[in-house]
Amino acid sequence: MTIMLALQPQEEARLVALALAKGISADALVREALDRILAEAAAGARPQRTATGAALVAAMQSSPYKEISIEAVGSRLPVRNVEF
């Protein structure tokens with residue numbers, strides 16, 4: 001199968017520069033990347049994620065659903081009287 005991919009000039013330049021730095025052709029560099037993606041998929045590996053709790057809080061705070069609160073509720077739980 002042949003895949004054609006339109007690249008912006010700056011993307012093409014970066015691809016060629018990376019390939020030259022590795023001493024391989026741009027085609028070989030793209031093939032390496034594709035092989036790595038397919039191997040990870042076959043192994044059931046998930047891509048590395050860089051999401052953090054801070055990113056989650058920022059996403060929740062920017063949500064259009066402002067009626068949903070993410071603040072912790074500070075109420076006391078009922079406690080039974082116990083004698084020791």
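User: How many of the 14 residues of helix 1 are buried?

Analyst: Start with the terms. Buried means under 20% relative accessible area, exposed means over 50%, and partly exposed lies in between, with a 1.4 Å probe and protein chains only. Helices are DSSP runs of H or I with at least four residues, and strands are runs of E with at least two, numbered from the N terminus. Here, helix 1 is hardly covered: one of its 14 residues is buried.

User: What should I know about the model itself?

Analyst: It is predicted: local features need pLDDT of at least 70, side-chain atom pairs count only at pLDDT 80 or more, and totals for chains, interfaces and linings use all residues. Residues are numbered from 1 along each chain as its sequence is written, and side-chain values use heavy atoms, with hydrogens and water left out.

User: How many helices and strands does the protein have?

Analyst: Three helices and zero strands. From the N terminus, the order is α-α-α.

User: What span does helix 1 reach?

Analyst: The expected span is 1.5 Å times one less than the number of residues. Helix 1 covers residues 9-22 and reaches 20 Å from first to last C-alpha, close to the expected 20 Å. G23 follows helix 1, with a positive phi near 75 degrees.

User: How many salt bridges does the structure hold?

Analyst: A salt bridge puts a side-chain nitrogen of Lys or Arg within 4 Å of a carboxyl oxygen of Asp or Glu. The structure holds two. In one, the closest N and O atoms of K22 and E32 are 2.7 Å apart. K22 lies in helix 1 and E32 in helix 2 (residues 26-42), so the pair ties together parts ten residues apart in sequence. E32 is partly exposed, at 32% relative accessible area.

User: Where do D35 and R31 lie?

Analyst: Both lie in helix 2, four residues apart, about one turn. D35 is partly exposed at 39%, and R31 is partly exposed at 46%.

User: Which residues lie nearest the centre of the largest pocket?

Analyst: A pocket is an open set of points on a 1 Å grid over the protein atoms alone, with protein on both sides within 12 Å along at least five of seven lines; lining residues have an atom within 4 Å of a point. In the largest pocket, I3, L5, D27, V30 and R31 lie nearest the centre, among 14 lining residues. Helix 2 gives the most to this lining, with seven residues.

Methods. 1 Å grid on protein atoms, 1.4 Å probe; cavity = no way out; pocket = protein on both sides within 12 Å on 5 of 7 lines; lining within 4 Å.
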